[in-house]
Amino acid sequence: MSEQDTAIERESMPYDVVIVGGGPAGLGAAIRLKQINPELSVCILEKGSEVGAHILSGATYDPKALDELLPDWREDGCPMAETPVTDNWHWFLTRSGKVAIPHILMPPFMSNHGNYTGSLGNLCRWLAGKAEELGVEIFPGFPAAEVLYDDNGAVIGVQTGDMGVDREGQHKGDYAPGMNLLAKYTLFCEGARGHLTKRLKAKYNLEADSQPQKYGIGMKELWDIDPEKHVPGRVLHTQGWPLTETGSGGGGFLYHQANNQVALGFVVTLDYANPYVFPFEEFQRWKQHPEIRKVLEGGKRVSYGARAINEGGWQSVPKLAFPGGVLAGCSAGFVNVPRIKGSHTAMKSGMLAAESVAAAIAASREQDSLDEYDAALRESWIAKELKLVQNAEPLLAKFNGDIFGAALANVDMWLRTLKLPIFPAMKHHTDASALQRADLYRPVQYPKPDGVITFDRLTSVAFSFTNHEEDQPCHLRLKDAAVPTAINLPVYAGPEARYCPAGVYEFVDPDGAGPRLQINAQNCVHCKTCDIKDPTQNIDWVTPEGGGGPNYPNM
Ligand SMILES: Cc1cc2nc3c(=O)[nH]c(=O)nc-3n(C[C@H](O)[C@H](O)[C@H](O)COP(=O)(O)OP(=O)(O)OC[C@H]3O[C@@H](n4cnc5c(N)ncnc54)[C@H](O)[C@@H]3O)c2cc1C
Ligand code: SF4
């Protein structure tokens, strides 16, 4: 049964299939299940206040999976059809200049020809409508808080979070216990660093034969820009400055989308060693590059948000099936890192999971291990695509994101494309273990925000429309409350005060009695960086009360 209090009486609802997460993976799975067998009862739990509220992506979208799922999507009012990619640029930035990398030098799959650019959140909203038309029940504002197991250790469903619990854990007047949603099969589609996925990986040892997952923190803004500067369908990716100054990895993107808007963002690979690296400030610095700044001048920022992205690639894909459940999408991790694309692979993996689930239920099976899904995925185009790029991120990381690493990564991708791989699949270490002691580095000086192009974190969080019920237990749990001041602050100069893109963690000392960690949990945008990067792995992100978190309009 649940790891939570078993004394509380909870309502149970049986389904054929319960899906955790209404992103491309979960929605792709739900639609495919109903296409195969309209009689199946399928529900999706989504922790955001609506489908799309917690989705943050670029996005430049490869329609390969959507073409298979709903071939008429372009003529069917899908918002992603609005802006096909027209221009496709890739730059290596120096502090004030750029080197344009001709696409002819890169393998053909790096081209964005045939792709679209738009809001992944809006694509998910549209997919949710399609799923509901097919009879899928979607419960927004209901986080899956616990996994339910039977006596043999098989997953039998999930429990939604309790509502109306105060910050001390006491029931308030409006207390409503979470429900048990029981299923023949449960699909975990939580996206990068899902909190139930983390537990399932540990319980079933799903990473025994794979490398540890790696991540980046992606921060994104949406701007209304001067129509004169807007070129619908132009997509730009950058590498190099400013991360070259701290030997860190990552890069930027700027996509000209519909309605005179640009979506721009910056990903900092979370395996950085220097604890003074401040990902949010790196993003602000990048916007000051003359080539980026000139696009934004005269414009207005309308949204901000942040989310972790998987970067481990093919070698970090864990075992996908266990008794009663599977991992799909970024819960498992199918992002093609050099393409910065994971939504097409997420959707395809959800569809493959659905096909295995539907066949198993048709054969009167339930709550066993769908190893055929794992096998089908490893034979699918997802595997072929990811194997071609599996050394790109490790090579970039090895050479601290500089141009030599980028060139080597390109050579490796070419050799794999030409079926002449010479380097074996490279290994990873965890992002948390990559952080080094602060006394090995000098603090990094970041410029102050100008309030025009660059901003501070708190002003930025307001543009994520984040909201949490204030009187509830803190959803950022410290395993040991003493560690932040006993280890993180003296040894690593308190990195949580910098890596959180929402300024949730602050070391304060109001009465001079010594510093303590203050956690402003109500600002959390659910990016999961703290759960990933904390050097002592002392922070456990759990789901807050339903509907809490960002309310992204079209990220
Ligand atoms: C900055 C950035 C830029 C990106 N750019 C691109 C791009 O241009 N193109 C591209 O293809 N990909 C891009 N990606 C990657 C892409 O966004 C992901 O690969 C994709 O969103 C994964 O889909 P998913 O369904 O697995 O997970 P998600 O899209 O993360 O969806 C998971 C959903 O599950 C919900 N959820 C999580 N846990 C629970 C729970 N316990 N209970 C209930 N609900 C839960 C979440 O609220 C969310 O709605 C980018 C990612 C980032 C961060
Ligand atoms: S508290 Fe953690 S999950 Fe929330 S915004 Fe900060 S780093 Fe991200």
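**Entry 1: helix α7**

I started with helix α7 and asked how much of it is covered. In this predicted model, 15 of the 20 residues of α7 are buried, so I noted the helix as mostly covered. Next I checked its span. The end C-alpha atoms of α7 are 28 Å apart, and 1.5 Å a residue also gives 28 Å for 20 residues, so the two agree. I then looked just past the end of α7 and found S364 with a positive phi of about 60°.

**Entry 2: helix α3**

I turned to helix α3, which runs over residues 120–133 and has 14 residues. From its first C-alpha to its last, α3 reaches 20 Å, close to the 20 Å expected at 1.5 Å a residue. Which residues of α3 are buried? My list reads L120, G121, N122, L123, C124, W126, L127, A128 and A131. Just after α3, I found G135 with a positive phi of about 100°.

**Entry 3: one residue up close**

I picked D67, which lies in helix α2 (residues 64–69). Is D67 buried, partly exposed or exposed? I counted 13 other C-beta atoms within 10 Å of D67. A residue needs 20 or more to be buried and 12 or fewer to be exposed, so D67 is partly exposed. I then compared the place of D67 with that of H344. These two residues are 277 residues apart along the chain, yet their C-alpha atoms are separated by 10.0 Å.

**Entry 4: ligand 1**

I looked around ligand 1 and found 43 residues, of which G23, G58, G191, G329 and G342 come nearest. Which elements supply at least two residues of this shell? On the helix side I wrote down α1 (24–36) and α7 (343–362). The strands on my list are β2 (42–46), β3 (60–61), β13 (215–224), β16 (261–269) and β17 (300–310). I sorted the shell around ligand 1 by class and got 19 nonpolar, 18 polar and six charged residues.

**Entry 5: two domains**

I read the domain assignment of the protein chain, which gives domain 1 as 12–69 + 122–211 + 314–387 and domain 2 as 457–541. The C-alpha centres of domain 1 and domain 2 lie 28 Å apart. Where they touch, eight residues come from domain 1 and eight residues from domain 2. The side of domain 1 that touches domain 2 has two nonpolar, three polar and three charged residues.

**Entry 6: the whole chain**

Last, I stepped back to view the whole protein chain. I noted 16 helices and 23 strands. The radius of gyration is 22 Å, close to the 24 Å from the globule rule for 555 residues, so the chain is as compact as a globular protein of that length. Its C-alpha atoms fill a box of roughly 60 × 60 × 45 Å along the principal axes. I also saw that 52% of the 555 residues count as buried. Finally, I looked at contacts with a separation of 6 or more, and residues 24 or more positions apart account for 77% of them.

Technical notes: Residues are numbered from 1 along each chain as its sequence is written. Chains are lettered from A and ligands numbered from 1 in the order in which they are written. This is a predicted model: local features need pLDDT of at least 70, side-chain atom pairs count only at pLDDT 80 or more; totals for chains, interfaces and linings use all residues. A residue is near a molecule or strand if its C-beta atom, placed from the backbone, lies within 6 Å of it. Helices (H or I, at least four residues) and strands (E, at least two) are DSSP runs, numbered from the N terminus. Ala, Val, Leu, Ile, Met, Phe, Trp, Tyr, Cys and Pro count as nonpolar, Asp, Glu, Lys and Arg as charged, and the others, Gly among them, as polar. The radius of gyration is taken over C-alpha atoms; the globule rule is 2.2 Å times the number of residues to the power 0.38. Two residues are in contact if their C-beta atoms, placed from the backbone, lie within 7 Å. The expected span of a helix is 1.5 Å times one less than its number of residues. Domain bounds come from an automatic or database domain assignment.
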